[in-house]
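Welcome! Please open the sequence and the 3D view side by side, and take a slow walk through them with this text as your guide.

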Amino acid sequence: MPFELILDPRWVIVVGLASIVYGVLSPVVVARRLLFLAGALPHSALLSALLAMITMNLLGCPFEICSIVFSLILVSTVSLLISRGVRPDSATAIFVSISVSLTTISLYFILTAFPMETSVWSYIIGDPLLVTWQDIWFTVAVSAIVLILTVPFLREHILIGVDRDFVRLSGVKASLYDDMMVASLAIATVGLLKAVGFVVEHVMVLLPGITASALAKSGRVAVMLGFLLSLAGGLMGLLISVATGLAPSGVIGIVMLGFYLISLVRGR
Amino acid sequence: MSALTLEAKGLGVSYGDEEIFSNEDFRLEGPGLVVVMGPNGAGKTTLFKAILGLIPVRGRVLVNGEDVTGRPERAGRLIGYVPQWRGEDYSFPVSVREIVESAIALRRRPPRLSFPKDEGERIESALERMGVGDVADKPLSELSGGQRQRVFIARALVWDPSILIMDEPLTAVDPMGRVDLVRMIKEMSSSKLVMVSSHDPSMFLDRAKLIMVVNRGIVALGPPSEVIREELLSRVYGRSVFIVEKCVHVVDGYAV
């Protein structure tokens, strides 16, 4: 029987959207030197998803809304600490320590109290091949919110990373853009958790931007390159995973890493 | 009222319980060069940020008679600002042109994704004036210290402000680059009010209209002949001051 690759449109949509969202966010994360915070966000996303599962089972609250609300609250706590003068790396370290501890407690509680083992695994390792049409609509909504909050303001975000004072002197309220960025990251990491998974979210939020920065000579090119690398990596990873039967999120992560290694060899 | 004035009335700045400036009054009139000197940590950058409305202050700051206290968007329209180089990480590639374009792009209403083509001439003019037109498409990370400072000065000059504040513009600039930069700054001071801080004020002394000595407060403000005195500088710098013949040097580890 000849080799036949069967692709469900839902897989392509969810991986494509996740790649687009991270492709836009990742260069901004690098430009604004938020790598440490962005690397910690998947932890808060996983905790938010687990807390939302508990709330849904105990109180009947809608999972999607609860998870986003929890994520925003958790990430806002870090922002508040940083704005109060705590060093960003210290604030993030405290945040990761607490969220990892609470994640373990929540995970144990869920696995012992509710029959949800499969759902929990999908949040940890991610599985775009299991998404339903309801998941797709949620992903579309999350992607739309994040893209509306970031794409029109890419120039401001990047320039805040270069010289925050000058941006303020030009009449731009930098703190408002900080809030928009933090909210976008919080919503994206929790909203795309099921599609991408906790583990590979680290890769997708960081590597496209880092790779693009190593290759580009201007902010405009870095943003476009980050977007294209993320989209190409996501779709290539999906195709390879379907062809080989390997975990899609893991393959996407490996493809992204491959792009990064190529960028290292090529240099600027 | 002069068209080129920078005035502070009862200016005070504190970081927590620590008072850096308290009830300071001064009035600077341009054009001319005002050199701000003081040891590391004396509050030179804090003073500039207070004038620009970038940090909370007490008292009032008036630029050309307009109250800009705590209003960076107002101060930014009247004052060009060249920040101090603090070894920033420019690993994200932002080109020279993008930096200079930001002076115009950020003043427009959002979305600011595109850059207006009719403003291109203004950008080219600023780049050429500072001699960085040939590196306009290079990322900031590939420039020398002197070129980088010229880029930030070019950005400050895009709107041709009548007042310029330059925070340690000679930092990380090689000796030849320093000579060029100092010459440019002196030229600008013939038509603008230029406030410049430096760990090596001797390079500016021949053109300085006023010297402001800062050390957790404004210690002295006046013409060089009144301020550059061994007794006063020794009070501020301690043993870092020494006099060779009739030339005053401050050796605090920053000057070349």
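This is a predicted model: local features need pLDDT of at least 70, side-chain atom pairs count only at pLDDT 80 or more; totals for chains, interfaces and linings use all residues.

The paragraphs below go from a sheet to a helix, then to ring pairs, and lastly to cavities and pockets.

Residues are numbered from 1 along each chain as its sequence is written, chains are lettered from A and ligands numbered from 1 in the order in which they are written, and side-chain values use heavy atoms, with hydrogens and water left out.

Helices (H or I, at least four residues) and strands (E, at least two) are DSSP runs, numbered from the N terminus, and two strands pair if DSSP finds at least two bridges between them. In general, strands of a sheet pair through backbone hydrogen bonds, either parallel or antiparallel.

Now look at the strand pairs themselves. Strand S1 (residues 5–15) of chain B runs antiparallel to strand S4 (residues 58–63) of chain B, and 5 bridges join them. Find B:Lys9, and you will see B:Arg60 of S4(B) opposite. S4(B) also pairs in the antiparallel sense with strand S5 (residues 66–67) of chain B, over 2 bridges. In that pairing, B:Leu62 has B:Asp67 as its bridge partner, and B:Val63 stands opposite B:Glu66. The hairpin of S4(B) and S5(B) has 2 residues between the strands, and B:Asn64 takes a positive phi near 50° there.

Next, move to chain A and find helix H7 (residues 154–162). How many of its residues are buried? For H7(A) the count is 9 of 9, which makes the helix mostly covered; buried means under 20% relative accessible area, exposed over 50%, and partly exposed in between (1.4 Å probe, protein chains only). Among the buried residues are A:Arg155, A:Glu156 and A:His157, as well as A:Leu159 and A:Val162. What do the buried residues of H7(A) pack against? In chain A they meet helix H1 (9–31), helix H6 (133–150), helix H8 (164–169), helix H9 (174–191) and helix H12 (219–244), and in chain B they meet helix H3 (96–105). Contact here means heavy atoms within 4.5 Å.

Aromatic rings are the next stop. Rings of Phe, Tyr and Trp (its six-membered ring) pair if their centres lie within 6.5 Å; planes under 30 degrees apart count as stacked, over 60 as edge-to-face and the rest as tilted. By this rule there are 3 aromatic pairs over all chains. One of them joins A:Phe109 and A:Phe114 edge-to-face, at 5.7 Å centre to centre and 90° between the planes. A:Phe109 counts as partly exposed at 34% relative accessibility, while A:Phe114 is buried at 13%. A:Phe153 and A:Tyr177 form an edge-to-face pair too, with 5.7 Å centre to centre and 75° between the planes. This pair links distant parts of the chain, 24 residues apart: A:Phe153 lies in the loop between H6 and H7 of chain A, and A:Tyr177 lies in helix H9 of chain A. Both A:Phe153 and A:Tyr177 are buried.

On a 1 Å grid over the protein atoms alone, a cavity is a set of points where a 1.4 Å probe fits but cannot get out, and a pocket is an open set with protein on both sides within 12 Å along at least five of seven lines; lining residues have an atom within 4 Å of a point. Grid points are joined across faces, edges and corners, and a volume is the space filled by probe spheres set on the points. The structure holds 3 cavities of 30 Å³ or more, and the largest cavity has a volume of about 150 Å³. Of the 14 residues that line the largest cavity, A:Phe166, B:Gly76, B:Ile79, B:Gly80 and B:Arg107 are the closest to its centre. S6(B) gives the most to this lining, with 3 residues.

The largest pocket has a volume of about 1400 Å³. Its lining has 46 residues, and the closest to its centre are A:Arg32, A:Ile82, A:Ile160, A:Arg164 and A:Asp178. H9(A) supplies the largest share of the lining of the largest pocket, 7 residues.
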